[in-house]
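Here are some exercises to work through with the model open beside you. Try each task before you read its solution.

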Amino acid sequence: MDLYPARQRLCRSARALRRSAITALAVAAIASLPLTLGIAGAQTNPASGDPWWKHAVVYEIYPRSFQDSNGDGVGDLNGITQRMGYLQGLGVDAIWIAPMYPSPQKDFGYDISDYEAVDPQYGTLADFDKLVAEGKKHDVRVVLDMVLNHTSDKSQWFIDSASSRTNPKHDWYVWNDGIAADSPGLTAIQKKNEHEGKVPPNNWVSIFGGTPWEWVPAVHQFYYHEFEKEQPDLNWRNPVVEKACFDAMRFWLDRGVAGFRLDAIPTLFEDPQLRNEPETGGTNAYGDANVSDIYTSNLPEVHDVIRRMRAMVATYPGDRVLIGETYLPNTAELDKWYGGEAKDELQLPMDMLIGMNGDHAKLDVAKFRQHLEEVQTQVHGSQPLIVFDNHDNMRAIDRYGDGVHNGDINKLLATMLFTTKATALMYYGEELGMPTTVPTRKEDVRDPTGLNGWPKEKGRDGERTPMQWTPGPQAGFSTNPKTWLPIPASYKTINVAVESKEPDSQLEWFKKLIELRRTSSALRDGKMTMLDTSNNDVLSYVRSTGSGAAVVVAMNCTAEAKTISLDVSGAGVAGTKVKTLATDAVSLKSTSTLTNVTLPPFASWVVSVE
Ligand code: GLC
């Protein structure tokens, strides 16, 4: 699914127009913490002075789909704990677990009803503590998903809020009286939603379809929900809401989590005047008029909250990290989410501009090159975080794939993901080349966006199918023949057990690159210089350190063989002889020069300069 189509469209048009390591002190502080758990794996690279997240590979886990330990057909926390050895073997530094708090599961956990507990479906708090402790043993930190834009409508906060206008929590959510149903200039979406002679105050559209304003007869008001109606938006203009949410974050920080991925964070605030969004033409998959999001996303007020949040998190030792789900129109906006020059907001807002560009993505060399340069030079030296795959978008192998070379294309994307200076964010199954398996019948659909938008919008189930561990029953995911989403037919060949025995598999490619990223000083710390910059078929760059280590990376982004000659002297690199470190092209395994090198279709080539 194209989760934020309006935003992605905005991104595209905007682009077209312009588009401490742990110090001894911190270690001591961790040791003296009144916690039993501390921070999982807090020791990465104490020598370089860099915080752990700067060189990290972060692995997203959709907990329903990773590993079922109790045979109910749904993944759980103990399942993740059992797979820590696998995660460590792959080389990941941290896992981000999608929401596992109590929830009616209307949006599979992104509708939280209690911020300080674990959904019984996924386990208990004791299981969570075990998971963090086991992670620590395996050097795998645990990052939680924090949903602050909205709660579930079954949260006690909302139940109280919706009970009466005089309830002390009424102002915790975004309420509005609506406007008279005979007001002039109403739009279709307003007219469709009349209650007691009132209609919604504006033309806004929910990301999940329909009006985002839901009428509650008990209070004779509408509440705002950017997503499903069961996900009412919190009112961040009320300081008590901030306090409650920060308290929830502290609850988990005290239990030893390494940080948070902040869900839908640019949308905390809405325009106080509730102005109509400009219409952008046409209708979305749900049949609503397309509108912009200038009054519902990325409002400047959000940055004050983020600065206070950063300061709160910074009171904890161990380089806890704030990662943002930041779909933004351009690099200048991305820079603001770091706090610009002050660098006092998120450490890692996700850069969605490079790898999340709608369902029909293109391997566009000029665009990759330009964007990789932009995030090196236009974010005040902050650390980029790149990502190609997540639980909201068709898997990258299918978005970028041409149907013929999908495996090579997946390897190429991994090559880019792991060899730039950016922190790398990956999604479970990406390392196997797991394909998107979209439901073919409405009755099989579980995701609310697919239920609302069928058949035009088939939802996000396709990228959330169970992890494929083995060629055995239920792909080794569960002992229950009925899993919450069906096991895709591809599991027989695409799975961990089979791929770990094949040297040329996706899994082995991912492992090799992650290992190189960890062991090569050039890939770890080297500056990045683009090479052959007028070539729009092959993306190439060199990573080089002051002490002479250099690694060249070249990726053929076309379906034809391409011959390149790369000159690294301009990047201050002396040697001309090379040694292949990794390639998926047999013909390049023993290539020892950078001149007249022919890359087969979609080949990736990583070499050290000798
Ligand atoms: C984010 C999540 C998505 C969820 C939405 C509402 O975009 O990634 O899965 O549906 O927020 O919480």
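## Exercise 1: the nonpolar cores

Of the 145 residues in the largest nonpolar core, Tyr59, Ile95 and Trp252 touch the most other members. The model is a predicted one, where local features need pLDDT of at least 70 and side-chain atom pairs count only at pLDDT 80 or more, while totals for chains, interfaces and linings use all residues. Residues are numbered from 1 along each chain as its sequence is written, and side-chain values use heavy atoms, with hydrogens and water left out.

**Task.** Which helix gives the most to this core?

**Solution.** 
- Start with the term: a nonpolar core is a set of buried Ala, Val, Leu, Ile, Met, Phe, Trp, Tyr and Cys residues joined through side-chain atoms within 4.5 Å. Buried is under 20% relative accessible area, exposed is over 50%, and partly exposed is in between (1.4 Å probe, protein chains only).
- Then look at the helices, which are DSSP runs of H or I with at least four residues; strands are E runs of at least two, and both are numbered from the N terminus.
- H8 comes out on top, giving nine residues to the core.

## Exercise 2: two helix pairs

**Task.** Work out how H8 and H9 pack, and at what angle. Then do the axes of H14 and H17.

**Solution.** 
- Axes are lines fitted to C-alpha atoms, for helices over the stretch in contact, and angles run from 0 to 180 degrees between N-to-C directions.
- H8 (residues 239–254) and H9 (residues 302–313) have axes 11 Å apart, at an angle of about 30 degrees. That is why H8 and H9 count as roughly parallel (under 35 degrees; over 145 is roughly antiparallel, 65 to 115 roughly perpendicular, the rest oblique).
- Who touches whom? Glu242, Phe246, Met249, Arg250 and Leu253 of H8 meet Val305, Arg308, Met309, Met312 and Val313 of H9, with contact meaning heavy atoms within 4.5 Å.
- Sorted by class, this contact of H8 with H9 has seven nonpolar, no polar and three charged residues. Here Ala, Val, Leu, Ile, Met, Phe, Trp, Tyr, Cys and Pro are nonpolar, Asp, Glu, Lys and Arg are charged, and the others, Gly among them, are polar.
- Now H14 (residues 406–419) and H17 (residues 506–519): their axes come within 10 Å and cross at roughly 15 degrees, so H14 and H17 are roughly parallel to each other.
- On the H14 side you'll find Gly407, Asn410, Lys411, Ala414, Thr415, Leu417 and Phe418, facing Gln506, Trp509, Phe510, Leu513, Ile514 and Arg517 in H17. The contact of H14 with H17 divides into seven nonpolar, four polar and two charged residues.

## Exercise 3: positive phi

**Task.** Where is Asn298 found, and where does Lys343 lie?

**Solution.** 
- Asn298 sits in the loop between S11 (289–291) and H9. Its phi is positive, about 60 degrees, although Asn298 is not a glycine, and at 18% relative accessibility Asn298 counts as buried.
- Lys343 lies in the loop between H10 (331–338) and S13 (348–349). Its phi is near 50 degrees, and at 36% relative accessibility Lys343 counts as partly exposed.
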